[in-house]
Amino acid sequence: MQVTAVAPADSTPEQRIVVHRNVGEGADVPVSVGIPFPPSALRDASLVRILDAKGEEVPAHVQVTLRWYAKDHSIRAVRAQFQARLQGNEATYYFAVGKPRSREAEGWPYEKERVADAQGVKVAAALATLEPSWLCASLIAGPQVPATHDEAYARYVSTQFDWARKLPVDDHTAWLFDRPSTLFKAYVRTGRFDYLQAADQSYHFYMRHMKREGLPISPFCAGGWTYGKEPCDVKYVYIEPSLLALALTGDDSEYDAALIDKMVTLWQHGGWSGTPGPYTNPGERFTERLAGLGLLATVNAYELTGELRYLRDTRERVDWLYEHQRANPDKLGDDGSWRNSWNLHEDDSWQPERDVRGSSPWMSENIIDGLWHAWLVTGDARIPTMITAFGRYMERYGWIDVKAIKSNRDWRNPCSGANGQIAWYWSSSQASFAKLADIEDSDGWYSDSHNVELVMPVAAAYYFETDHAQSAALKRRLDALQSSYSTECAEVSDTTRRFNWNNRGAGVAMWFLQQPPGSGAVSSMAGHAMP
């Protein structure tokens, strides 16, 4: 998005703050704004000032909310609080960095800003947006690039948002794969107020249903999500929304250290899914979704708190995935996937003689997303090779040859065109086409609805892949997947959680595509917080 504002002398157009009325009335409103910073850019919060549109300093309270624990402990985000005067429903301010603040104001608990909206969710009376160029450069959601007006993926997200924006209060599954974080990340790339507004409302609704009392183990499951479900279902437990809400709005009202620890501990015990651990037997139940989301939640807990025990837990989860990928206990070799049992994956009894050893391509995206975030924090040298191994697996075994699909078995939604790509619902280096086709017939029709999120692991592999032939194959796949961004596909709204599964981790693919192939192998972007 193009920045056109004329900034005061001590600021820049990228440092514009636009305060928006969220709920309520009145011209004078208290506002908190989260301002994220890239590593090493800020070390002293007293050097942050708030200016009005004329360049006059406004009394403000500024405090540190996050630090770059995995890098140099510089400031990752601050919360600036000041009194804004709206003209209509908006007002423009700026932040400036470098000179000491000369006009201090008293701060207040974020909770005091919150009032009930039309649906009874307590949200801030005013929300402030920043420019996407600043938000992306801050790395608060990892490396991102601002969406351009002609970007196909941005149009796809916007078209989906038309049906996904309404708060889904009648379908608990609409929150699977983390609706608040998906919306916050859409805001980061665009600066759109409606994305931030929906993210903020969704975050408060989500956190309202966290179980805060009791033990974080089954059957009590403190730290779990209670809305429409038993709290022991850990796949609904996300810590990234609190990290992003704190960084982008300054909101620290919905959690404390005790709740975060219960959420992490619940993941450690697995709720009703059983205690996670290394994959040591082909008869063990494993799902890529739980492995990936559990890793991501643990990484996020460290980023939010700086607690080293969460960093150790992160390393342990990467260890499990590393060993599973390279030395699968089924003794069928290393194919680059996290091969497991189809029967157990689908909650059936294990029948070795009838099992289909393989993996879910689209659920494996959760593992790649978790590994990517773990690499950004730890710099673990194993992770790039794990990501490229999966990219190679997908090229060899993950995608269905569209030329081989017969007319009576065209599993694709026609919205992506005649050459639309489709990954197997269940892929395998071991099973025959016939066996995989039977699964596709029973469970995988229109599994191309997962293409958008699958761009991310392909693009991540492209970023790390140093073999030219493999890079070329990945680039051809990325080019072919562009048809998945059709607005006709985006209009398909039969499954509300699709908005989340498509977009929670997919935005970084736009950044990957701007990097030279293989450049991740020599990148200095990763942290160095190895336990």
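Contact here means heavy atoms within 4.5 Å. By that rule, Trp501 touches Phe177, Ser449, His450, Glu453 and Thr495, leaving aside residues up to four places away in sequence.

This is a predicted model: local features need pLDDT of at least 70, side-chain atom pairs count only at pLDDT 80 or more, and totals for chains, interfaces and linings use all residues. Residues are numbered from 1 along each chain as its sequence is written, and side-chain values use heavy atoms, with hydrogens and water left out.

## Overall build

The protein chain has 17 helices and twelve strands. Helices (H or I, at least four residues) and strands (E, at least two) are DSSP runs, numbered from the N terminus. The radius of gyration is 23 Å, close to the 24 Å that the globule rule gives for 531 residues, so the protein chain is as compact as a globular protein of that length. That radius is taken over C-alpha atoms, and the globule rule is 2.2 Å times the number of residues to the power 0.38. Along the principal axes, the C-alpha atoms fill a box of roughly 75 × 50 × 45 Å.

Buried residues make up 61% of the 531 residues in the protein chain. Buried means under 20% relative accessible area, exposed over 50%, and partly exposed in between (1.4 Å probe, protein chains only). Among contacts with a separation of 6 or more, residues 24 or more positions apart account for 77%.

## Trp501

Trp501 sits in helix 16 (residues 498–503). Its relative accessible area is 10%, so Trp501 counts as buried. Thr92 is 409 residues away from Trp501 along the chain, and their C-alpha atoms are separated by 34 Å.

## Disulfides

A disulfide is a covalent bond between the sulfur atoms of two cysteines. In this model the test is a pair of cysteine sulfur atoms within 2.5 Å. The count comes to two disulfides. With bonded cysteines counted along the chain, the pattern is 1-2, 3-4.

| Disulfide | S to S distance | Angle about the S-S bond | Hand |
|---|---|---|---|
| Cys221 and Cys232 | 1.9 Å | 100 degrees | right-handed |
| Cys415 and Cys489 | 2.0 Å | 100 degrees | right-handed |

Cys221 and Cys232 form a disulfide. Both cysteines of this pair lie in the loop between helix 4 (193–208) and helix 5 (240–249), eleven residues apart. Cys221 is buried, with a relative accessible area of 0%. Cys232 also counts as buried, at 5%.

The other disulfide joins Cys415 to Cys489. Cys415 lies in the loop between helix 11 (382–398) and helix 12 (433–443), and Cys489 in helix 15 (residues 487–490), so the pair ties together parts that are 74 residues apart in sequence. Both Cys415 and Cys489 are buried.

A further cysteine, Cys136, is buried, with a relative accessible area of 2%.

Ten of the ten residues of helix 5 are buried, so helix 5 is largely enclosed by the rest of the structure. Its buried residues include Glu240, Pro241, Ser242 and Thr249. Just after helix 5, Gly250 takes a positive phi of about 80 degrees.

Helix 10 (residues 361–378) is also enclosed. Here 18 of the 18 residues are buried, so the helix is largely enclosed by the rest of the structure. At 1.5 Å a residue, its 18 residues should span 26 Å, and the end C-alpha atoms are 25 Å apart, which agrees. The expected span is 1.5 Å times one less than the number of residues. Gly379 follows helix 10, with a positive phi near 70 degrees.

Strands of a sheet pair through backbone hydrogen bonds, either parallel or antiparallel. Two strands count as paired if DSSP finds at least two bridges between them.

Strand 2 and strand 6 (residues 75–85) pair over nine bridges in the antiparallel sense. Within this pairing, Gly34 has Arg79 of strand 6 as its bridge partner.
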